[in-house]
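I'll jot down what I look up as I go.

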Amino acid sequence: METAHSAHPTILEMQSITKEFPGVKALDKVSLTVRAEEIHAICGENGAGKSTLMKVLSGVYPFGTYDGDIVYEGSVVRFRDIKQSEAAGIVIIHQELALIPELSITENIFLGNEPGRRGIINWVDAQRRAIELLARVGLDDDPDTQVKNIGVGKQQLVEIAKALNKNVKLLILDEPTAALNESDSQHLLDLIRGLKGKGISSIMISHKLNEIEQIADQITIIRDGKSIETLDVVADGVDEDRIIRGMVGRTLGNRFPEHTATIGEVFFEVRDWTVQHPLTAERQVVKNSSFTVRRGEVVGFAGLMGAGRTELAMSLFGRSYGKFISGQVFKDGEEIKLRTVAEAIGHGIAYVSEDRKSLGLNLLDTIKRSIVSAKLGKISRGIVVNELEEAQISEQYRTSLRIKTPTVEEGVTKLSGGNQQKVVLAKWMFTDPDLLILDEPTRGIDVGAKAEVYQIIRDLAARGTGIIMISSELPELLGVSDRIYTIFEGKITNELPVAQADPETLMRSMTSSSQKVVA
Amino acid sequence: MSAPGIDKRGGFDIRDLKSLFGGGGSLKQFGILGALVAIIIIFQIWTGGKTLQPGNIINIVQQYSYILILAIGMVMVIIAGHIDLSVGSVAAFTGIIVALAMKDWNFPWWAAIILGLIVGGLIGAWQGFWVAYIGVPAFIVTLAGMLIWRGGNQFIGDSATVPVGAGFQVIGKGYLPEFGPNLGVNNLTMLLGIVVVLILIGLEVRGRRTRAVMGAASAPAWTSILRVIVLGGVVLVAAYLFATGRVGTSFPVSGIILALLVVAYSFLTNRTTVGRHIYAVGGNKHAAELSGVNSKRVNFFVMMNMSVLAALAGMIFVARSQASGPFDGTGWELDAIAAVFIGGAAVSGGIGTVAGSIIGGLVMAVLSNGLALKGISSDLVQIIKGLVLLIAVGVDVFNKSQGRPSIIGLMTRNKGGGGGQILAEERTTSQVTPGGGTPDTAVPADLKN
C-alpha cells in the first residue's frame, strides 16, 4: 500500500531480502521502504524475522550472506560490518543496551569514536560535545556520572546521544521501551518524534502496539519471514486491532481467556513482610506487606517499576533478594520457613523470574534438561537422573504447552522468546507448585504467545494452583486476575476484586499511598 | 516432523556418521577425535611404525595417565567456571607426605594411598572453602595454593628426594599380571579387551532400546553396527598391542585406574544430579540458584574433587618414578588445562566433557611422544605444543565467530544431505552468550511440525 502524498524522498529501500540459515529461511523476499523524516515501525510476532532484517541492514550479517539489494540514499550498499553501516549513518540500538556500566556517560558516548589525535583523547573536547549531545536528547545529568548510576531510561537516552555523535541519519531501535516505565517511554517517544523533525528517520521494532499507533508514520508487518503489508497509520486509519490482525494473520477475538474462577479457601498468607535493600541498610524495599492467596485464584500485583514487586516476590522465594528483616509466611494454616530456594521449592512455591535470559534459563542447556532442572530429584533415584523419564516428561510439556521446536533435544537459545517463556513455565510446572509466582510472564513475547500464556495461567488456576501475577500491563492484570493488590514504594496500598478494579483506580493506588480501600 | 539423525531420503547422512561417535556429542568433539586419529597416523608413518608399537603405547599410557586424571578433575572445575593452577603442587605435596609416611612412619602401601587421598581431600576442602564460601576467585586461591603446596613439599621433604617401596610402585609401574595358559599374549589384557567390547555392544543395544521407548528416532541400524565394529575393532587392536609387548609388560595398572575414573566421571557429569548442577552453575549461576541449586556446595565440590584427583595423580607419578622429589608435577596444571580446552571446553564455563578432555589430553600425549621418538629436543616440543594449543582453540573460535563450521565440518559439508543441519547446530552453540544474544531472532520460530 503506497501512499502517494508523502513529500519526502525514499532514504532506504530493502528489496526482496532473503536470508537463509542452514535449514531455515529466516527472511523470504522481504521488502522495506523508509522515507526521509519518517518513523517506520516493524511489527511481527517474535521469530517473525524483524531483528534478522535489522541485522542484515546494519551489516551484522555482512553482504554476501543474504540475497537481495539494499538501496540507501540512492545507491546500492554492501555493508561488510557495523562500522561501515555506521559510517553511512545507519545506527542500531539493541534491546540489550551496549553501554559499559563502569564508564562515565562521556566515555560511553565516545567509545570507539574518541575525539583526539594519534590515540590521545582530547577530553576537554569530548566533554564539551557530550554536554551538547545530552542537551539534544534532553538529559541534564553530569556527563561524568557512571552509567551504572543512571536509570535504564536515561541509559537509553545515552545510547541515542551516542548515535547522534555518529551523525545518524537512520536510527534503528529494537524494543526501545521494553524496560522503561510509562514516563520514560513517553520521553523517549517524544525524543524520537523530535529527531524526525530534524531529518533523522527511525525504524522501530516494538511489541507495544499502543506506542506504535501513537508514533509511527508507516508500519510494515512481517510474519513468518515474509513482509505481509505496509500500512500508513493516518491514511489507513490503523489501530491496535488492525496491527494484531496483520501480525497473527487472524483476528484475536478475545486476548484474554474466558473463565469462571473456582476459588477455594485461603491457603497462603504473608504477614508483615519487611525486606531491606541488600546494600543500603536504611532502605526498606518492602515494608510491612501482608497478603493472602486462595486456591485456584490468580492474584495480580500492580505497581510501577521499582515499587518493590519483584523484590517482594524474590525475597519470599528463598530470600533470593535483599536482607530479610521480619515477617511470617503461612501455608495451609501453618507457619513455614523459606530460607533457601530449595526450601521454597520443597514447600511447593515456584517463581518465574521477569528476566528470562539471565535468571530463568541456562542458555547453554537443551530444552529437556531445562524443563526438569528445578526438581531433578523427582526423576532421579539417588543421584542418578532417569533420562528416559526426562525425555518423556519434556515431550509431554512440549505437546501440552505447544512449544514450537522439532525436538526437545534442541538448545533453548534456538527458541523464540515466547517459546523460551513456555519452557520456563514448564520448568516450574514440573515442580508441582501450590503457589506459582509469575513475574512479568509476558514481557517481550508476542501477542500470540501472550494469549497462550494467559490460557496456561487460567488452566493452572482451574486445577487449584494459587497464582501471583506481577505485571506492568494493566489490561493484562485486569484480564487475567481475580483479585489485584497495588504496591507503591514497597507498601501494599490497595486490594480490589477484579470486578471493582479499573485502570484509573489501580493507577491512583500505584502512585500514592494515601488511600487504603480494602474490599 | 524431521528428527535429527534421520535422513528422510534413506541415503547416507553425515549426521549418522557423526552419531557413530558419541551420539549427541558436539561436532567439536568429533573434530578433536578426528585430529587425534590423524596425529596418530601421521606419527605412525613419520616414525616408521614406532608410534603404535606395544612398548610405546604402554609408555604413553604410563607417562600421561596422571595428566589425563588431572584433566578429568580440571574439566569439571572449568565447566563450573573456575580454574585450578595448584594441581602440580598439590600432587607434589601429597607425594612427599605419602613417601615419608611409608619411609619414616612405616605405613603399608595401601594405607599410604588412603592417607594421600585424605591429604588431597583436605587441601581441596581448604581451597574450596576460599573459593565457594569466601568468594575469592579460584585463579587467586589456586595461585596461592601453587606456592603454598610447592613450598610445603620442599619444606617437609627438605628439598630432597624420598624413595618409595616396590609395593607402592605398582600403581605407577605395574601391569596386569600373567594369568592362565601361555598363549603368547597377556591373557588378562585380552580378556579385558573382550569385556569392553561386550559392554560396548550392550550399551549400544540398550541405547537403541531406550530411544525406541522414548519414541525418539534412532539413527539407522547400520550406524550402530558400524559403530560397534569400529570401536570394538579399535579396542581389540589396542588390547592386542598392549598384550603383546615385552614379556612382563601388559596393560598398565595406571591405565586401568584412568579408565575406571573416565567411566565413573563421565557417568557423574552426564547422568547425575551432581553433574547437572555443575553444568547449571557454570552455565548461569543465578538461574541455577533460583532453581534451588546450592552453587556454593557445587563450587566446593569441584575444587575439592580436583585436589583429590591431583593427589592421586601425584601418587601415581611418585610410584612410577620410584621416589618423591621437590620438583614433581611442575607445569602439570598447564598440560591439564590445555587438554581440557583442546577437548572443547569453554573458558566462560558451562561447556565441556570428560571424554573430550581425555581426547584433548591424548592429542597432546601422542604429539609429545611422537616428537620425542623423532629425537626433537624438548625446547622445540614445548614450542610446538604451545602452538598446537593456540591453533586448535583459535581455529575453533575463529570459525565460530564467522558462523562457519569447524575444519571437520568443512570437510564433511558437501558429502551428505544433513550437512546443513550440522552447521545450524554449530551456529547456535556459537551464539550462546548468556544475556548477550537475541535468540528470538536467530532462527525463525516457524519450525512447524
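**Ground rules.** This is a predicted model, in which local features need pLDDT of at least 70 and side-chain atom pairs count only at pLDDT 80 or more, while totals for chains, interfaces and linings use all residues. Residues are numbered from 1 along each chain as its sequence is written, chains are lettered from A and ligands numbered from 1 in the order in which they are written, and side-chain values use heavy atoms, leaving out hydrogens and water.

**Confidence in chain B.** I looked up pLDDT, the predictor's confidence in each residue, from 0 to 100. Chain B has a mean of 82, with 81% of its residues at 70 or more. I flagged residues 404-449 of chain B, where pLDDT stays under 50. The model has 95 contacts (heavy atoms within 4.5 Å) beyond four places in sequence for that stretch. Residues 18-27 of chain B also stay under 50, with 21 such contacts.

**Helix α17 of chain A.** Helices here are DSSP runs (H or I, at least four residues), and strands are too (E, at least two), numbered from the N terminus. Which residues of α17 (503-511) are buried? I found A:Thr505, A:Leu506, A:Ser509 and A:Met510; buried means under 20% relative accessible area, exposed over 50%, partly exposed in between (1.4 Å probe, protein chains only). They lie on the same side of α17(A), because they cover an arc of only 130° around the axis, taken from the directions from the helix axis to the C-beta atoms. Their packing partners in chain A are β15 (298-303), α16 (474-480), β23 (483-488) and β24 (491-497).

**Salt bridges.** I count a side-chain nitrogen of Lys or Arg within 4 Å of a carboxyl oxygen of Asp or Glu; the structure holds 40 of these over all chains. I liked A:Lys368 with A:Glu390, whose closest N and O atoms are 4.0 Å apart. This pair links distant parts of the chain, helix α12 (367-371) and helix α13 (387-400) of chain A, the two residues being 22 apart. A:Lys368 counts as buried at 12% relative accessibility, and A:Glu390 as buried at 0%.

Next I checked B:Glu289 and B:Lys285, which meet at 3.7 Å, N to O. They sit four residues apart in helix α12 (285-289) of chain B, about one turn of the helix. B:Glu289 is partly exposed at 27%, and B:Lys285 is partly exposed at 38%.
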